[in-house]
Amino acid sequence: MNSPRFDVISIFPEYMQPLSLSLVGKAQEKSLIEINVTDLRDFAEGLHKSVDDTPYGGGAGMVMSPEPWAQAIDSLSDDPEGNYELIVLTPAGKKFDQAMAYELATKEHLIFACGRYEGIDYRVTEHFRSKRNFTVREISIGDYVLNGGEVAALVILEAIIRLIPGVIGNPASLEEESHSLSDESAEQLVEYPSYTKPAMWRELEVPSVLLSGNHGEIARWRMEQSKARTKKLSE
Ligand code: SAM
């Protein structure tokens, strides 16, 4: 199987530069994944390469025109055998979570559409939803409004890519994490607090059980801490 491919379409391709850093950058160097960034303006017509227009029905702001979006997405999905997931970033979408990250980490080709202004003409979502080889998801990263979808794409990409086999050096570190789905039967807990050396720092001691060497006691203490932290979040 080919390595998973991630495309990002934006009018600010430079926003995606952090993807060349750290573990995501290394994953590309090792060809575990492929990431491409496309400038929407390459598909805009006219002297001013405009990608937006006034909203039908009136109201403030501008809406992104459908044609440059359709051409950009078509240019990335020309394999008739390919299966594509189009992710339209919008605060009106389904809220992103770890379960969604696990699911998206299994896909062969994701295309992220980063909106700007008042968002993208809704017919782009409808058009690709009607195509046989496309799944379209509208995703939000939280109940707040950003200026554009680029930061949301970075958040989602990082959460997905670290789950792809080989990206994180020690896969065991994914198992005990907050929101981890490694044990389907377990209730979803956030992680226990972590400590490192020195054992005494600014008059604060590391909990003594962690220095005891008693693995059973340590596991019990960590589970209690995870449960208490998770409960506190819902208060
Ligand atoms: N008028 C839109 C609304 O009220 O739903 C907000 C548009 S926002 C200013 C511009 C773009 O930022 C959106 O098209 C989307 O791509 C992105 N965006 C903003 N907030 C987001 C969020 N919470 N999650 C995902 N994308 C977001």
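Which strand gives the largest share of the shell around the ligand? I looked this up first, and β5 supplies that largest share, with 3 residues.

**Ground rules.** I note that this is a predicted model, in which local features need pLDDT of at least 70 and side-chain atom pairs count only at pLDDT 80 or more, while totals for chains, interfaces and linings use all residues. Residues are numbered from 1 along each chain as its sequence is written, and side-chain values use heavy atoms, with hydrogens and water left out.

**Overall form.** I counted 6 helices and 9 strands in the protein, taking both as DSSP runs numbered from the N terminus (helices H or I, at least four residues; strands E, at least two). The C-alpha trace spans about 70 × 45 × 35 Å along its principal axes. Of the 235 residues, 40% count as buried, where buried means under 20% relative accessible area, exposed over 50% and partly exposed in between, with a 1.4 Å probe and protein chains only. For contacts (heavy atoms within 4.5 Å), I looked at those with a separation of 6 or more, and residues 24 or more positions apart account for 73% of them.

**Ligand shell.** I then listed the residues around the ligand, which number 19, and L89, G115, E118, Y144 and L146 come nearest; a residue is near if one of its heavy atoms lies within 4 Å of the molecule. Both β5 (84-95) and β7 (134-140) supply at least two residues of this shell. By class, I find 9 nonpolar, 8 polar and 2 charged residues in the shell, with Ala, Val, Leu, Ile, Met, Phe, Trp, Tyr, Cys and Pro as nonpolar, Asp, Glu, Lys and Arg as charged, and the others, Gly among them, as polar.

**Ligand nitrogen atoms.** I checked N or O pairs within 3.5 Å. A side-chain N or O atom of E118 is 2.9 Å from a nitrogen atom of the ligand, a backbone N or O atom of Y144 lies 2.9 Å from a ligand nitrogen, and for a backbone N or O atom of T90 I read 3.5 Å. The protein covers 82% of the 580 Å² of accessible area that the ligand has on its own (Shrake-Rupley method, 1.4 Å probe).

**Aromatic rings.** I found 3 aromatic pairs in the structure, a pair being rings of Phe, Tyr or Trp (its six-membered ring) with centres within 6.5 Å. The F128 and F134 rings have centres 4.9 Å apart and planes at 50°, so I logged the pair as tilted, since planes under 30 degrees apart count as stacked and over 60 as edge-to-face.

Technical notes
Polar contact = N/O pair within 3.5 Å; in protein donor to acceptor, adjacent residues only side chain to side chain.
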